[in-house]
Structures are given as C-alpha cells and as structure tokens.
Amino acid sequence: MMKAILVKQPGGAEQLELGEYPLPEHHSDELLVRVKATALNRADILQRGGKYPPPRGASPILGLEISGIVEEVGGNCSAWHRGDRVCALLPGGGYAQYVSIPAKMAVPIPDNLSFEEAAAVPEAFLTAFQALYWLGGLQGGQQVLIHAGASGVGTAAIQLARQAGSIALITAGSARKLDFCLQLGAKVAINYRDGEFAAHILEATQNQGVNIIVDCVGGAYWEQNIQSLAVDGRLVLLATMGGGTVSQVILTTIIRKRLQIIGTTLRGREREYKTELTRDFVTRIMPGFEDGRYKAVIDAVFPWEEAAEAHRRMEDNLNLGKIVLTVGD
Ligand SMILES: NC(=O)c1ccc[n+]([C@@H]2O[C@H](COP(=O)([O-])OP(=O)(O)OC[C@H]3O[C@@H](n4cnc5c(N)ncnc54)[C@H](OP(=O)(O)O)[C@@H]3O)[C@@H](O)[C@H]2O)c1
C-alpha cells in the first residue's frame with residue numbers, strides 16, 4: 001500500500017483526506033516513480049466534485065502531473081536508471097506516493113530545476129505547447145490572445161509565445177494579474193471586468209485582429225473571440241469556464257475570415273499522441289528550462305496534508321501560475 005490523497009465523497013475541498021491506496025502496477029515499458037511533488041489543475045477541482053471522471057483505465061486518484069525519482073525500471077526501458085529525476089504528464093494518480101508512467105512519457109528534470117518546479121511544468125506547458133504549436137500553428141511575428149493569462153496554462157502560453165517571437169496579448173480579472181503577465185512578457189494586458197475585450201484587441205492590433213486565441217472561457221467570450229480573430233485565425237478552445245453554450249453563432253464571419261475553431265482535451269488523448277507531444281516538447285522546449293528562457297511559474301507550495309487549502313486557493317482564483325503540493329513520506 002502507499003499513501004495518497006483520496007476524495008471521501010464527491011464534493012468540496014473538505015472531502016480531501018490523506019489515506020491509503022494500493023501501489024500502482026507497472027509493466028515492462030513503464031517506470032515506477034516515487035513522487036516528490038505534484039501540481040494542481042482545474043480538472044482536479046472538477047473531478048473532486050464528481051464532474052470530470054478520469055478516462056478509462058486511469059487511476060481514480062486526482063493529479064495530472066508529477067515530479068519524482070525513478071524507483072523501478074521496467075524490462076524494456078533500458079534508457080532509464082533507478083534514481084533518475086523525472087517529471088511527467090498523467091491521466092490521473094498524481095496525488096500519491098507512487099505512480100507508474102510509460103517510459104516514453106518521462107521527461108528528465110534539468111539539474112537546475114527543483115522537484116517543485118518540475119512538477120509545475122508538464123500539464124501547463126504541454127497544454128500550451130499543444131494549443132500554440134500543434135493546433136494553433138504558431139509562427140514568429142504572429143499575435144496571440146491568451147485568456148486567463150495568469151493561470152497555469154496562461155503563464156506557460158505567454159512564455160512560449162514570446163520565445164517564438166510572437167506577441168502575447170492577455171486577459172485577466174485583476175490589476176495584480178495583469179501586472180504579473182506583463183512582467184512575464186505579455187505585450188498587452190486587458191482586464192475583462194472593464195468592459196468588452198474585443199475593442200481593445202482590435203485597437204492594439206490596428207484592426208487586424210489576432211492570429212491565435214487560446215481560450216478556456218468559452219461561451220461568454222464566443223462573440224468577442226470571433227470579432228478578435230484575424231483572417232485565417234484559429235480559436236483553440238480548452239475549456240468552458242464561462243459557459244458551454246452559445247446563443248449566436250456568427251457563421252458568415254467565420255466563413256468570411258476563414259476562421260478555424262479547434263476544440264481539444266489532452267487528458268483523454270491516446271497514449272501515442274501524448275508520447276509524441278512529450279517527445280516534441282522535450283526536444284524543442286525543455287532546453288529552454290536549462291538556459292533560463294523558460295521558468296516554472298509557481299504561485300505557492302503546500303505540503304500535501306494541506307491539499308484542501310491548496311484547492312480553495314485555486315477555486316478562489318487567487319493563483320498566479322501553478323499551485324504545487326509536496327508529497328510526504
Ligand atoms: N483542454 C485541455 O487539454 C486542458 C488542459 C489543461 C487545462 N485546461 C483548462 O485550461 C484552463 C486553465 O487551467 P489552469 O489549471 O491553468 O487554471 P488556473 O490556474 O486555475 O486558472 C484559471 C483562471 O481562470 C480565470 N477564470 C475562472 N473563471 C473564469 C470565467 N468564468 N471567466 C473568465 N476567467 C475565468 C481565473 O482568473 P481571473 O482572476 O483572471 O479571472 C482563474 O484564476 C482551465 O479551464 C482548465 O480546465 C484544459
């Protein structure tokens with residue numbers, strides 16, 4: 001058995017408790033990792049409330065990413081050794097002392113990154129990397145609008161857009177978050193509470209609009225997103241925090257501007273897709289963590305006994321970047 005954070009019954013943060021759970025099995029193409037840290041994602045809040053069941057075959061334990069130390073190496077994983085420091089994206093199971101991960105999805109942790117920093121990288125950066133590079137077709141010189149700019153995904157997307165030589169514009173809900181995003185490299189920061197963001201976007205882009213939007217708000221932003229996109233623009237839809245339905249669909253504008261609307265979810269993707277995404281990310285982006293071009297943006301670190309407190313911080317929209325949990329003995 002191992003220790004893990006369990007959900008007593010679907011509900012609020014008070015339902016989280018430290019308990020015991022069977023050790024994960026691991027196969028010949030997998031590594032058994034002793035988890036040192038994990039990080040929170042919005043999906044954890046939904047899953048805790050019973051609104052986001054894990055995909056088939058995934059652990060029912062919360063947690064979509066970890067960092068840790070390889071404890072056992074499967075027979076077909078000759079590139080890895082006991083004691084290696086790794087981080088990884090998971091379909092679930094991160095709030096636990098042990099996880100087994102496909103060796104091909106393990107990311108070596110650069111020496112200059114702590115376990116806390118490494119745990120904050122996989123979900124935010126792979127989501128932003130997928131949205132901008134694989135789905136958005138990001139190129140230097142483009143303009144990119146990132147909603148929820150101070151979120152885990154948003155702070156990763158700002159850095160990726162900037163390092164690609166494109167211009168990041170963001171929205172967020174407080175002056176503190178706007179300042180934070182500007183310091184991280186955003187060129188334009190708009191408080192969505194001050195009125196419609198689309199007018200600001202058109203002004204900032206000399207009425208051209210943006211080439212890519214990374215959106216996790218959905219319904220409430222639909223019309224303004226369509227207005228804000230440039231010709232041939234792409235809207236990459238990650239979530240629907242602002243509603244899952246739209247009353248007006250402006251089809252003529254979509255046709256006239258030749259827009260692409262792309263929905264995605266990383267968690268439920270095939271293992272092969274996530275492996276390929278991870279390998280591409282390791283090659284193209286991870287070197288930037290070693291030389292300081294990228295940083296893990298950490299809002300707060302909590303010991304896992306305080307997981308409920310950490311969840312409340314995210315639910316109250318207080319975090320600037322990632323909230324990390326250290327996993328105890
Ligand atoms: N599809 C995928 O594969 C995928 C993968 C990872 C994450 N996601 C999604 O991406 C989003 C960001 O995830 P995260 O873990 O990085 O989030 P996070 O750090 O918890 O940040 C989310 C932020 O969104 C803003 N927000 C919340 N409700 C809003 C609303 N109704 N309208 C406008 N802004 C709102 C809040 O900031 P303000 O104070 O600025 O309002 C909040 O702090 C989440 O929705 C998550 O579910 C999707």
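The loop between α6 (197–204) and β11 (210–215) is where Gln206 sits, and Asn207 has its place there too. Helices here are DSSP runs of H or I with at least four residues, strands are E runs of at least two, and both are numbered from the N terminus. This is a predicted model, in which local features need pLDDT of at least 70 and side-chain atom pairs count only at pLDDT 80 or more, while totals for chains, interfaces and linings use all residues. Residues are numbered from 1 along each chain as its sequence is written.

Most residues other than glycine have a negative phi.

| Residue | Phi | C-beta neighbours inside 10 Å |
|---|---|---|
| Gln206 | positive, about 50° | 7, exposed |
| Asn207 | positive, near 65° | 9, exposed |

Now for helix α3 (residues 122–135): twelve of its 14 residues are buried, so the helix is largely enclosed by the rest of the structure. Among the buried ones are Phe125, Leu126, Phe129 and Leu135, along with Glu123 and Gln130. After α3 comes Gly137, with a positive phi near 65°.

As for domains, whose bounds come from an automatic or database assignment, domain 1 covers 2–121 + 267–326 and domain 2 covers 124–263. Their contact (C-beta atoms, placed from the backbone, within 7 Å) takes 17 residues from domain 1 and 15 residues from domain 2. Helix α9 (residues 271–284) gives three residues, the largest share of the domain 1 side.

Note on methods: A residue is buried if 20 or more other C-beta atoms lie within 10 Å of its own, exposed if 12 or fewer, and partly exposed in between; C-beta atoms are placed from the backbone. Two residues are in contact if their C-beta atoms, placed from the backbone, lie within 7 Å.
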